[in-house]
Amino acid sequence: MSVDLSSVETGVVDTKEPSGLGCLVIVARQHGLHLTTSQLIHENVLGGDEVTTSEILKCANNSGMRAKAVHLDWDGLSHLKKALPAIVCLKDDSKMVLLRLEGDENNPRVVLRDPNVGEDALLVIDRIRFEDIWTGEVVLAKRDYEISDENQPFGFGFITALIFRERRIVRDVAVAALVLGLLGLAPIMFWRLLSDKVMYYKAFNTFYVLCLAMLVIIAFETMFFFLRQYLVHNLTARLDVKLSTYVFERVLNLPIDYFERNQIGLIARDMREIFRVRSFLIGQLFGAILDSTTLLFFLPVMFFFSPLLTFIVLGLSALIAAWLILMLPYYRKKSTAVLAAEGAQGAFMVQNLNGIRTIKSLALDARQKHMWDVHVARVAKARLAEGIAGVTIQAVVRPLERLTVSGSYAVGVYLAISTSDPVYIGALFAFLMLSQRVAAPLMQMAQLVNQLDEARMAVGIVGNLVNHEAEEGRSGHGVQVPLQGHVEFSSVLFKYKGAVSPALNGVSFEIPTGTTLGVMGKSGSGKTTITRLLQRLHSDYGGLIKIDGIDVREYDVDHLRRNTGVVLQENFLFSGTIRENIAAAKPDATFDEIVQAARMAGAEEFIDKLPRGYETYIYEGSPNLSGGQRQRLAIARALIVNPPILILDEATSALDAESEAIVNANISRIARGRTLIIISHRLSSLVDCDAILVLNRGVVDDIGRHEELLARNEIYGSLWHQQNSHAMPTRRPRANFGGPTLVS
């Protein structure tokens with residue numbers, strides 16, 4: 001679909017409704033808010049004419065968003081990145097949505113969307129033409145989440161919402177920390193009083209009272225320390241559970257094409273970053289905050305003893321913080337390089353473990369070892385650079401840290417000698433102990449800058465993973481009526497992302513309830529795509545797919561897939577017993593139901609011969625089962641829920657003749673009472689189907705029974721003769737020896 005650029009280049013845009021409000025609707029949808037133009041006009045009492053920037057800001061702020069207008073040049077626009085999409089104002093007072101910037105420095109381009117044109121009609125223009133029509137004004141808008149809103153995208157705000165939910169525990173921890181900070185003054189005051197009052201005046205009664213009071217304080221301190229640590233560990237466990245389950249659930253909810261376009265090793269690495277976030281929150285940030293509560297009590301006492309020495313301690317701590325902030329970009333660059341190298345190494349390792357059979361069978365050990373050595377060298381080089389950067393930072397921090405205590409104490413000693421005041425000398429010892437207790441949290445808070453940046457990177461990595469849009473249909477509000485199995489495709493058009501031609505192009509057919517449809521065609525003809533759309537693994541198709549007269553997109557995804565059993569050519573079995581694998585989709589299945597499913601799939605005959613029967617343990621990758629056994633277990637697993645629709649997608653193509661015969665013999669029993677779709681290259685599996693669909697390059701070439709297709713369809717007939725030529729009588733050719741001869 002194309003867009004007429006003439007109206008844009010001349011500054012005239014034909015608008016059907018206020019383009020500014022249409023742009024705001026598009027931006028809001030990107031942030032999970034579903035608004036309409038009429039709703040915005042009604043709620044904000046606007047006219048039907050083009051709206052001003054201030055009116056857009058008003059509408060955004062009244063609709064649960066935060067918006068602001070800024071004036072930028074091209075360089076400022078190129079730095080927006082995560083702030084996109086944004087609304088750009090054009091010189092004719094109309095608005096468009098800036099989706100992204102693409103191209104390189106020599107040929108930069110902007111991708112725009114006109115709200116009054118279809119979403120597929122994107123406008124791509126170069127920098128010069130864009131600057132000719134752009135006023136320089138940009139409206140930035142994002143969703144305004146409450147601090148306790150757990151529906152916001154993953155980030156520090158989301159983590160804060162989780163912590164806010166546990167505010168009672170946080171409150172109790174804070175109270176315990178404050179009490180501990182106050183009690184932390186007791187030892188210092190105890191030593192000061194012992195040296196100034198008891199030793200100087202030899203007051204034994206005071207000594208006994210102070211010792212008794214100190215014992216009571218130690219008991220209270222121990223109790224509050226235990227209470228604080230108990231609450232911290234409780235909070236840690238709660239956050240750990242919530243973060244881990246949240247990330248895993250979000251990853252499982254991602255659409256199938258995300259996993260097909262990204263390496264599993266990189267996804268696993270990104271998921272593990274959540275533990276770094278948790279470690280920072282609970283171990284470093286929370287620890288620094290709790291330890292810093294002592295500053296509330298210690299700093300005033302230090303100022304009381306000596307304002308000069310206190311300013312020295314604080315000044316040196318500020319120098320450490322300034323140095324860490326200055327070196328942060330340099331260290332961040334090195335840390336990012338390590339993260340990228342480790343991610344590539346991890347992805348390569350997972351890939352090799354998954355493909356270990358191929359490596360062994362093709363003797364690729366030496367090749368893979370060499371490639372692993374390259375990855376190890378890159379990681380080692382990146383870690384070395386990161387380590388040197390860290391050492392450089394610590395080389396400056398360490399002397400400043402020493403000077404914080406020793407330097408301030410030296411200045412105090414000089415002042416004590418100058419004044420020759422014994423009271424000042426006693427205060428100096430107390431200040432020394434205070435400065436030691438204060439220096440640790442100050443150093444911790446200064447180093448927190450570095451750790452915060454690492455945690456920010458980890459949050460960004462996890463956010464890029466889990467903030468992708470989940471697959472549609474998981475709202476919990478979809479149709480969940482029982483399925484009968486009447487399937488209908490009407491002019492279905494579908495193209496995979498990045499593909500040149502559509503996988504399905506206007507496909508239409510109908511499968512009545514309880515019938516069997518065979519699907520055949522050459523590789524790439526769209527056979528498997530039909531089953532993927534029927535399971536709603538993809539929702540971005542044209543046309544209609546109906547089950548029992550209801551659009552597939554109206555069904556709840558989980559309900560739809562529970563009622564659609566699928567057996568693939570290569571099926572994944574989980575580590576566990578045979579019984580657990582068969583009952584995976586129905587954990588509460590009785591043993592009789594498991595046996596019945598295994599019997600229908602033809603798996604019972606080999607399971608009974610195993611020493612432990614249904615309790616036989618299947619190892620990862622199921623190496624202790626043959627291909628035919630794995631396939632029959634997969635069929636039993638699909639049948640355990642008694643699905644009204646069953647799809648066998650090349651389910652017998654990898655089987656030997658004996659296993660295929662067993663499965664084919666059971667298909668008539670399996671098909672009884674359900675709609676069955678059989679996709680197979682082996683046409684012998686399709687002979688008894690009620691109808692056979694012939695696909696060719698994404699379109700329906702023909703549909704009919706076996707005998708009909710054999711007589712009229714070239715694709716079906718030629719493949720049938722290829723596969724069954726061995727069964728046809730052929731004459732053996734005679735060698736030509738120059739004609740018959742008479743032998744005497």
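1. The largest nonpolar core has 44 residues, and the ones with the most contacts inside it are Met520, Ile582, Ile607, Tyr614, Leu633, Leu639 and Leu648. A nonpolar core here is a set of buried Ala, Val, Leu, Ile, Met, Phe, Trp, Tyr and Cys residues joined through side-chain atoms within 4.5 Å. Helix α23 (residues 627-639) gives the most to this core, with six residues.

2. A word on the model. This is a predicted model, with residues numbered from 1 along each chain as its sequence is written. Local features need pLDDT of at least 70, side-chain atom pairs count only at pLDDT 80 or more, totals for chains, interfaces and linings use all residues, and side-chain values use heavy atoms, with hydrogens and water left out.

3. Have a look at Ile582. Setting aside neighbours within four places in sequence, Ile582 is in contact (heavy atoms within 4.5 Å) with Ile594, Ala597, Ala598, Ile607, Tyr614, Leu633, Ala636, Arg637 and Ile640. Apart from this core lies another one, of 28 residues, and Phe494, Phe509, Val519 and Val552 are among them.

4. Now the aromatics: the structure holds 11 aromatic pairs. Rings of Phe, Tyr and Trp (its six-membered ring) pair if their centres lie within 6.5 Å; planes under 30 degrees apart count as stacked, over 60 as edge-to-face and the rest as tilted. Phe226 and Tyr230 are stacked, because their ring centres are 6.4 Å apart and their planes are at 20°. Both sit in helix α10 (residues 204-252), four residues apart, so about one helical turn separates them. Phe226 counts as exposed at 60% relative accessibility, while Tyr230 is partly exposed at 49%. The cut-offs are under 20% relative accessible area for buried, over 50% for exposed and in between for partly exposed (1.4 Å probe, protein chains only).

5. Phe489 and Phe509 are stacked too, since their ring centres lie 4.6 Å apart with the planes at 15°. Phe489 is in strand β7 (residues 487-494) and Phe509 in strand β8 (residues 504-511), so this pair ties together parts that are 20 residues apart in sequence. Phe489 is buried at 2% relative accessible area, and Phe509 counts as buried at 7%.

6. There's also an aromatic cluster formed by Trp74, Phe130 and Trp134.

7. Last, a helix pair. The axes of α2 (residues 19-30) and α4 (residues 53-61) come within 10 Å and cross at roughly 35°. Axes are lines fitted to C-alpha atoms, for helices over the stretch in contact, with angles from 0 to 180 degrees between N-to-C directions. Helices (H or I, at least four residues) and strands (E, at least two) are DSSP runs, numbered from the N terminus. Gly20, Leu21 and Leu24 in α2 meet Ile56, Cys59 and Ala60 in α4.
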